[in-house]
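Colleague: I would like to learn how to read a few local features of a model. Please start with the metal site.

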Amino acid sequence: MPQNTPTLKQLGWTSDLEQAFKAFSLEGLIPARVIAEHRSAYDVICANGAYLAEVSGTFRRAAKKSKAEFPAVGDWAALSFDPRGLRQKIHGLLPRKAVLSRLDPGGKEEQVIAANIDTVFVVLGLDGDYNLKRLERYLAAARAGGAAAVVILNKTDLDPGAGSKTEEIRGLGFEAPVLPLDSMKLTGYEALNAYITAGRTIVLVGSSGAGKSTIINNLMGSNLQRIASVREDDSRGRHTTTGRKLFLLPASGALLIDTPGMRGLELWAETGAVDETFEDIHALAAECRFGNCSHSNEPGCAVRAALEAGTLDSAHYDNYLKLRAETTFLKSKTDIAERLKRKDHAKKISKAIKEIFRKRPEI
Ligand SMILES: Nc1nc2c(ncn2[C@@H]2O[C@H](COP(=O)(O)OP(=O)(O)O)[C@@H](O)[C@H]2O)c(=O)[nH]1
Ligand SMILES: [Mg+2]
Ligand SMILES: [Zn+2]
């Protein structure tokens, strides 16, 4: 347990959250922020200090349907506080602001990596971890979860091409700023100041070895995290921790969530959400004549047939189309291949125009 337990305010508690918590307060429950996730328990901090907590039986039964309803790092939980309890009980969660989710590697459901975040730092290491396809996935996941993103190109000291890579990503026109960083000499760190402000929650994601923990260490100004990560490695065989943890930066007051390297981040909103929510349509789609049927105007569409027969609700169907269009939009917004093609096209045109002017005799 930390020596100086942060206050709720330091952890990001606001009067708006207090307001939202009213119904829980009336039940005698108190707020706590989830700062680490273990197999079946959580580290939480409440006004009384830092504790181990688990969900109540009622919570477990109510959340049985989906993993995503269970607490995640960053969540605000409602505790029934027992000073003698070994584990405090979590009875509910405040509705989440932005989340970072992915498709659970073990199944077809949402896994919340971090909750109530403001910003996602996508960290790429310039020692062979520069991968635009992966970057695009992370950016799409941030967008899908409602969080802003910042791209961090770490280990600039190891790559003479760091400058051109920075420019390459900037040229792709993402909303996210691109910040080059050397975490050995600590160059580029001033640019982070705009994002690491008091009460703001930031999750760091990226491949294992990209430098996420080093960045947190540097910002913490101590080797606290390094100690923690050694313990993580030791306990890997016992499966006691997910490695996702929240840190309070002493200087700026920002809250950083470290994540262990993720092999793949399958975009939750893109892959799972629509089909999961519209299981009935998904089942009907198996009977469509074309495998890639969009269920809008293709012949032999089983979905439209059900609609016409009145066995499929039209509002339900409309909602399906809307949601799917959203995920398609999400995909095209972040599809780098498309962007590069468009950029290439624009380049060719401008080159052709230049050619015309070059060949034209002076007027
Ligand atoms: N040369 C260089 N090495 C770095 C930099 N940042 C991190 N490293 C090293 O990269 C390795 C992995 O870093 P770590 O923070 O554990 O990565 P994580 O898995 O993303 O948390 C460590 O040996 C770090 O010392 C950097 O900017 N330059
Ligand atoms: Mg790490
Ligand atoms: Zn169809």
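Modeller: Donors are N, O and S atoms within 2.8 Å of the metal (3.2 Å for Na, K and Ca), and water is not among the atoms, so sites may look incomplete. Four donors count as tetrahedral if all angles lie between 85 and 135 degrees. This is a predicted model, in which local features need pLDDT of at least 70, side-chain atom pairs count only at pLDDT 80 or more, and totals for chains, interfaces and linings use all residues. Side-chain values use heavy atoms, without hydrogens and water, residues are numbered from 1 along each chain as its sequence is written, and chains are lettered from A and ligands numbered from 1 in the order in which they are written.

Colleague: Which protein donors does the zinc ion (ligand 3) have?

Modeller: They are C288 (SG), C293 (SG), H295 (ND1) and C301 (SG), at 2.1 to 2.4 Å from the ion. Their spacing in sequence is C-x4-C-x1-H-x5-C.

Colleague: Why is the arrangement around the zinc ion (ligand 3) tetrahedral?

Modeller: Ideal angles at a metal are 109.5 degrees for four tetrahedral donors. Around the zinc ion (ligand 3) the four donor atoms subtend 103 to 117°, so the arrangement is tetrahedral.

Colleague: Are H295 and C301 buried or exposed?

Modeller: Buried means under 20% relative accessible area, exposed over 50%, partly exposed in between (1.4 Å probe, protein chains only). Both H295 and C301 are buried.

Colleague: Why does A198 count as exposed?

Modeller: Because its relative accessibility is 62%, A198 counts as exposed. Beyond its neighbours within four places in sequence, A198 is in contact (heavy atoms within 4.5 Å) with S252, G253 and A254.

Notes. Four donors count as tetrahedral if all angles lie between 85 and 135 degrees; four count as square planar and six as octahedral if opposite donors are over 155 degrees apart and all others between 65 and 115; anything else is irregular.
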